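Subject: Structure for you to look at

Dear colleague,

Please find below the structure that I promised to hand over.

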Amino acid sequence: MGFFGIIALVMALISIGFFIPVFIEFTRTGKVSNFPTLIMCGFTMVAAIQLFFAGMVLQTILQKSRQNFEINFQRAAKDKKDIFNFIK
C-alpha cells in the first residue's frame with residue numbers, strides 16, 4: 001500500500017496543482033481556455049484513484065495470504081504433534 005499510495009498521492013497533488021489555475025481562471029471569466037490542461041488533470045486524478053485502489057487490493061491480498069500461511073502452519077504443527085503422539 002505504501003508504494004502505490006505514495007505514487008497516487010504525488011499524482012493527485014500534480015493534478016490538483018495544474019487544476020488550480022484553470023479553476024481560478026474559470027471563476028474569474030466563466031470560460032476555460034486550457035482544455036488540454038483540464039483534461040490532463042482529470043485523467044491524472046483518475047490514474048491516482050486507480051493506483052490507490054490497486055494498492056488497497058494488493059494489501060488485502062497480502063494480508064489474506066499471510067493469514068492462510070499462518071493457518072496452514074498451525075495445522076501442520078498440529079498434524080506433526082498428532083503423529084508424534086501416535087508413535088509414542
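**Helix packing**

The crossing of helices H1 and H2 is left-handed, a term used when the near helix is turned anticlockwise from the far one by less than a right angle, whereas clockwise counts as right-handed. Before going further, please note that this is a predicted model, in which local features need pLDDT of at least 70 and side-chain atom pairs count only at pLDDT 80 or more, while totals for chains, interfaces and linings use all residues. Residues are numbered from 1 along each chain as its sequence is written, and side-chain values use heavy atoms, with hydrogens and water left out.

Two packed helices are described by the angle between their axes and the distance between the axes. Here H1 covers residues 2-29 and H2 residues 35-87, and their axes come within 8 Å and cross at roughly 160°; the helices are DSSP runs (H or I, at least four residues), numbered from the N terminus, and the axes are lines fitted to C-alpha atoms over the stretch in contact, with angles running from 0 to 180 degrees between N-to-C directions. That crossing angle makes H1 roughly antiparallel to H2, since angles over 145 degrees count as roughly antiparallel, under 35 as roughly parallel, 65 to 115 as roughly perpendicular and the rest as oblique.

On the H1 side, the residues that make the contact include Phe4, Ile7, Met11, Ser15, Phe19 and Val22, and on the H2 side they include Leu38, Cys41, Thr44, Met45, Leu51, Phe52 and Leu58, where contact means heavy atoms within 4.5 Å. Sorted by class, the contact of H1 with H2 has 18 nonpolar, four polar and no charged residues; Ala, Val, Leu, Ile, Met, Phe, Trp, Tyr, Cys and Pro count as nonpolar, Asp, Glu, Lys and Arg as charged, and the others, Gly among them, as polar.

Ser15, in helix H1, is buried, with a relative accessible area of 3% (buried means under 20%, exposed over 50% and partly exposed in between, with a 1.4 Å probe and protein chains only). Leaving aside residues up to four places away in sequence, Ser15 touches Cys41, Thr44 and Met45. Thr44, in helix H2, is likewise buried, with a relative accessible area of 14%, and under that sequence limit of four places Thr44 touches Met11 and Ser15.

**Aromatic pairs**

The structure holds four aromatic pairs, counted when ring centres of Phe, Tyr or Trp (its six-membered ring) lie within 6.5 Å, with planes under 30 degrees apart called stacked, over 60 edge-to-face and the rest tilted. One of them joins Phe52 and Phe53, whose ring centres are 5.5 Å apart and whose planes stand at 75°, so the pair is edge-to-face. Phe52 is partly exposed at 35% relative accessibility, and Phe53 is partly exposed at 47%.

Another pair is Phe69 with Phe73, where the centres are 6.3 Å apart and the planes lie at 20°, so the rings are stacked. Because they are four residues apart in helix H2, Phe69 and Phe73 are separated by about one helical turn. Phe69 counts as exposed at 56% relative accessibility, and Phe73 counts as exposed at 52%.

Definitions and conventions
Helix = DSSP H or I, 4+ residues; strand = E, 2+ residues; numbered from the N terminus.
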